[in-house]
Amino acid sequence: MKNMRIYLSLSVLFLVMGWFTYITVTRPYLGVYLEQNSQKWMISELEEKGVAKQFFLVGDVVLSIDGQLPEENQFVKNWSRIDQGKSFEIMRNQEILNISLDNQRMTLYDFTPIIQSLVCLLLAGIVFFRIPNSPSAQLLAAVFLAGAVIYISQGASIRGEGLGKLSIETVLTILPILFLHFLFSFFEEKGGVSLSLKPLKLFYVFAIIEFVFRIPYLFSNEWTSFVYAFSPNASLALFVITVFYNMIFLIYFYFKHGRTRSYLASIIKSIWYSLFVSFLPIISLSFVPILFTGSHLINSVHTSWFLLLFPASFAYLIASDQLYDIGLVFRRFLFGCLLAVVPASIVTGLFSALFYQSATKQMILFVFGSSLVVLALMLYSMEYIITRLEPTFFPRKAMLKNSLKKISKNLSTVSTMREMKDIFLADIVQTLEVRGGAIVSQYPDGVETIAAGEVDVEEVQSLLAEKELFESDQYTCLEISRTEEFTHYLVMTRKRTNVLMSREEQQWLGLITSYLEVSLENVHLIRTLTVKLQDLSSRFSDETSAAEFQWFRKVMFELQEEERIRIASDLHDTTMQDLFFLKRRFAALMEKYVMNREDKEHLDNILKFVDLINASLRQSCFELNPHLLREIGLIATLRQYLEKEAYMAPFHIHFEPGSGAGRIEQEPLPTKRHLLRIVQELLNNAKKHSEASRVSFRISATPREFHLIYEDDGIGIRPIEPGTREIGGSGIGMEQMKGRILLMQGSLRMDEHPGPGTHMTITIPLQGQEHDFTPTAQNGS
C-alpha cells in the first residue's frame, strides 16, 4: 500500500513536470515588467534573456495584449508583468505600433533548466535504485527530485504559470529542509547517533504555512498580487536561513561527536566544506542581492549549477562505498580543479575572443566555472576510465596489474621459504615469461637459494661471490633488503624469447621487491621465533602446571602485539613514506620533462601501482596495530573492520551488538585487543575452511560476563567432544584464539547439532579494572 502511494505521487509529479515542460517548449519567454503611470501601463524593465527585448523598449506604453486592455490581462493583474502573449499594440513616441510574437521559439536560456532537471532525475534514479534499503539514500534521492522540480518549474514560473510559481517557491523552501533531514538520517544510519527531530519539524511547519499562504497563486483575484508582492522574498529568506542552519548544525555535531569519533570527523568537515562551496554562489551572488537590492549579481540559472556538486558527489561516495575516504576523494577532486585552471582559462579566453561582441561577464564566468568543473571531473574519473579500458588497449599492463594483486594477496599466506618458492617465485616466473628465477639469501656463514623454473643455481651463487651478478647480461638482479645478518637478492633469467626484460617489467619487478622485503623479514622472524619457541617448549614437561602455561601465554601474546606494532610502525615510517616521496619524484619528472606518449603512460602506470601498494600497506598497518580501539572503542572498531572485510569476503557478514554490549568498553585495552584478535581469527578461519554463505557475530554482556557468539552456515568442523570442549587440537590460529580465551579466564563452547554450520559461544568475565590474568585452577572450560 505504501509503495502504491509512492508510485501514485510520483506519477502525478511527473505529469505536472511534463506540463511545465510543455509550457516552456511551446510559449516564448517575454520578460516584460510594467508599471502603471497616469492610467497608462508603461514598460519599466526588459529581461536580458526575454525575446521581447528585440521588439520593445523601456518607456513604451502598452495599449492592448491579445486584444485585451492591460488591466484585464490576468498576468498583468497577478504579477504586473507580461509573461505570455502573441499580439501587442503599443505606443512609442506618439506612434502606435502593432507587434506580433507568434513565430518565436525557445532560446538556449530555456534549455538550461530542462537539462538541469534531467540531471537531477538521473541522479535521483541512480541513488534510489542503487541503494534501495538505505533511508538516508532515499532522502538524498528526494533532494535530487526536489531539485528537478525546482529546475523544471522555472520555465513555467517565468511564463506566468501560477502552478509553476507555487511549485518553485514551495520546493525551494523545502529543499534545504530535506537536505537537513537527510543529514539527520545519515548520521543515525552511519554513525549510530540519534538526533532530536524538533527543529526539523519546525522547519517543515514553516514550509507548510508558506505553501498554504501561496495557494492564491492558483487563482486570479486580488489576493494573488498581494501575496506575490512579498512571497518570493520570503521563500529566499527561509532558504538562506535553512542553509545556514545546516552549516551551524554540522559545526555543532562536529564538536559534540566528531572529536570522540575520528571516523566521523573527516566526513563532517568534508560535508561542511562542500556544502559551503555548493550553496555559496547561489546565496551570495543571486539570492542575497535580490533580498537587499532587488536584483541579482549573476542569474540563478548559472549559479544553481553549483547546487548539484555536493549532493552528486555525496551520492557517488555512498554508491561506491568510499564514504569513509571522503577527505581523500575531495582532495583528489580539488587537485583536479587546480590542474584544470589553466585549460579552463584557455577555453574561456577563446570563448571571449570568438564572441567578444555578445559575451557578458555572467556568460564568461559561467563558461569558466563550467569548464573548470567538467575538466576536474574528467581528470578525477580518468583513473576509472583507464582502469576500464586498460585490459582492451593495454593487455600487458592489465596482466601485470592483476598479477601484482594476486601476488600481494598470496604473500600474506607465506610463512616459510618453501611457500615463498611455490606461491611467490613461481608466479613471478610465469608472469614475466622468463626461464627461471631465484631468491638468494647471503649470510655471513653461507648462501641459501630457492629457485623456480630453469635457473643455474651454482652459476648464480658463483657470480654473486665474485660480485659480478649485477653486471651479468644473462640475469636481472635486484637487491631486496640488506641487514647486518643477511642480504636478500631477487634474480631473474632472460625471457623465453632470449631477451632481457623490458623497462616496464623491470619497474614492475622493482615494486614487487617492496612486498618481498616485508615477507622475507617475516619469514626470518618466524624462523627465529619458531626455534626459540621449540627450545622453550622442550623445557616444559607434560605435567607443567596451568599457572606456568598461563604465564607463557601472556608473554607470547605480549611479544606478538609488540612485534605487530613495530612492523606497522616501520611500514608507516619507512615504506609508506618512501612510496610517498617516490610518487612525488615521478610526478616531478612528468612535469619537468617533455615525454612522448608511451613514456608518459609508463609513468602513469607506475603511479597507479604505487597507490595500489600504499592502500594495501595502509590496511595491513591497521590489522597489525588496530589504533582505533583506543580512539573509538571495540564495538565501533569491529563494525568498521567487518564492513571493510564484507566487500572482499566470499560470504555475507552480519554484526549485531546486543544488549549491554557497551559494558565491554569499560574493560582495559588488552582485553579489547584480545577480543578483536579473536574475531579476526574466526573470520580468517571462515574464509579458509567454512565454505559458508553467511557468517554472523553477535556480542552482548551482563554485569558479570561478556558473550561473543559466532555462527556460520558452512560445512562445520569435526567434533572433538560434545558440550564444553577442552582447548586444543586444531590449527595454529585456532590454538592461539583458544589461548587468548584462557588468558582472559574465559570459556569456549562449540555446540554440535545435526546438519552443516558452526556455532561458537565465547564467554569472558568482566572485571571493570585492569586484568592481571592471574592463573586460576579453572582454565576456561
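Colleague: In what order do the six strands of the open sheet lie?
Modeller: In this predicted model, local features need pLDDT of at least 70, side-chain atom pairs count only at pLDDT 80 or more, and totals for chains, interfaces and linings use all residues. Residues are numbered from 1 along each chain as its sequence is written, and side-chain values use heavy atoms, with hydrogens and water left out. Strands are DSSP runs (E, at least two residues) numbered from the N terminus, and two of them pair if DSSP finds at least two bridges between them. The pairing is antiparallel and the order is 4-1-2-3-5-6.

Colleague: Which are the edge strands?
Modeller: An edge strand here pairs on one side only. That applies to strand 4 (81-82) and strand 6 (95-100).

Colleague: Which residue of strand 6 stands opposite Arg-92?
Modeller: Strand 5 (residues 87-92) pairs with strand 6 over six bridges, in the antiparallel sense. Opposite Arg-92 stands Glu-95.

Colleague: Where in helix 5 does the kink lie?
Modeller: Helix 5, a DSSP run (H or I, at least four residues), covers residues 162-191. The bend is the angle between axes fitted to the seven residues ending at a position and the seven starting there. The kink is about 30° and comes shortly before the proline Pro-176, at Leu-175.

Colleague: How many residues of helix 5 are buried?
Modeller: Buried means under 20% relative accessible area, exposed over 50%, and partly exposed in between (1.4 Å probe, protein chains only). Helix 5 is mostly covered, with a buried count of 24 of its 30 residues.

Methods: The expected span of a helix is 1.5 Å times one less than its number of residues.
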